[in-house]
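Trainee: I have a structure open and would like to learn how to read it. Could you walk me through it, one feature at a time?

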Amino acid sequence: MNTDSAPSGAQADGFGEGPQPEGRKSSVRVIKHSIVIAGHRTSVSLEDAFWRALKGIAADDGVSLAGLVARVDAERGEANLSSALRVFVLERAMERRPPDD
């Protein structure tokens with residue numbers, strides 16, 4: 001069951017991942033990742049490239065992946081969680097991009 005619209009403000013308690021594909025084609029393949037948020041099991045469907053980026057952001061911020069997802073979940077408003085995570089990664093990448101000359 002995909003409860004991608006779990007209530008905002010939930011806490012992510014754990015993750016289970018499927019196999020990690022390799023290569024450009026595999027990076028765009030959507031993979032379902034199981035998550036427990038506020039004691040409820042749900043899943044997010046994300047391309048591997050976004051999942052890897054989330055892991056990197058969590059490491060850079062010194063927080064757990066579960067903590068990062070919980071933060072995004074708490075701030076996502078009406079968006080589904082998968083979409084909110086993609087937008088978060090995109091916005092983070094844009095923040096780190098050097099300004100255009």
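Predicted model: local features only at pLDDT ≥ 70, side-chain atom pairs only at ≥ 80, totals over all residues.

Trainee: Let me start with a pair of helices: how are H2 and H4 oriented to each other?

Mentor: To judge a pair of helices, look at the angle between the axes. Angles of 65 to 115 degrees count as roughly perpendicular, under 35 as roughly parallel and over 145 as roughly antiparallel, with the rest called oblique. Here the axes of H2 (residues 48-61) and H4 (residues 81-96) cross at roughly 60 degrees and come within 10 Å. H2 and H4 are therefore oblique to each other. The crossing of H2 and H4 is also left-handed.

Trainee: Which residues make that contact?

Mentor: From H2 come Phe50, Ala53, Leu54, Ile57, Asp60 and Asp61, while H4 brings Leu85, Arg86, Phe88, Val89, Arg92 and Arg96. Sorted by class, the contact of H2 with H4 has seven nonpolar residues, five charged ones and no polar ones.

Trainee: And how are H2 and H3 oriented to each other?

Mentor: Use the angle again. The axes of H2 and H3 cross at roughly 100 degrees, coming within 9 Å. That value lies in the perpendicular range, so H2 and H3 are roughly perpendicular to each other. On the H2 side you will find Trp51, Leu54, Lys55, Ile57, Ala58 and Asp61, which meet Leu65, Leu68 and Arg71 of H3. The classes in the contact of H2 with H3 are six nonpolar, three charged and no polar residues.

Trainee: Could we step back to the whole chain? How many helices and strands are there?

Mentor: The protein chain has four helices and three strands. Along the sequence they follow the pattern β-α-β-β-α-α-α. Another thing to check is how far apart in sequence the touching residues are. Among contacts between residues at least 6 apart in sequence, 53% join residues at least 24 apart.

Trainee: What share of the residues is buried?

Mentor: Of the 101 residues in the protein chain, 37% are buried. In H3, the buried residues are Leu65, Ala66, Leu68, Val69, Ala70, Val72 and Asp73.

Trainee: Now for H4: is arginine 92 buried or exposed?

Mentor: Apply the cut-off once more. Arginine 92, found in helix H4, has 12% relative accessibility and so counts as buried. Leaving aside residues up to four places away in sequence, arginine 92 touches Ile57, Asp61 and Arg71. Two of the partners already came up in H2, Ile57 and Asp61, and Arg71 came up in H3.

Trainee: How does serine 83 count, by relative accessibility?

Mentor: Serine 83 is in helix H4 as well. At 31% relative accessibility, serine 83 counts as partly exposed.

How values were computed:
Residues numbered from 1 in each chain as written. Heavy atoms only, no water. Axes fitted to C-alpha atoms, helices over the stretch in contact; angles between N-to-C directions. Left-handed = near helix turned anticlockwise from the far one by under 90°. Contact = heavy atoms within 4.5 Å. Nonpolar A, V, L, I, M, F, W, Y, C, P; charged D, E, K, R; others polar. Buried < 20%, exposed > 50% of the residue type's maximum accessible area, 1.4 Å probe, protein only.
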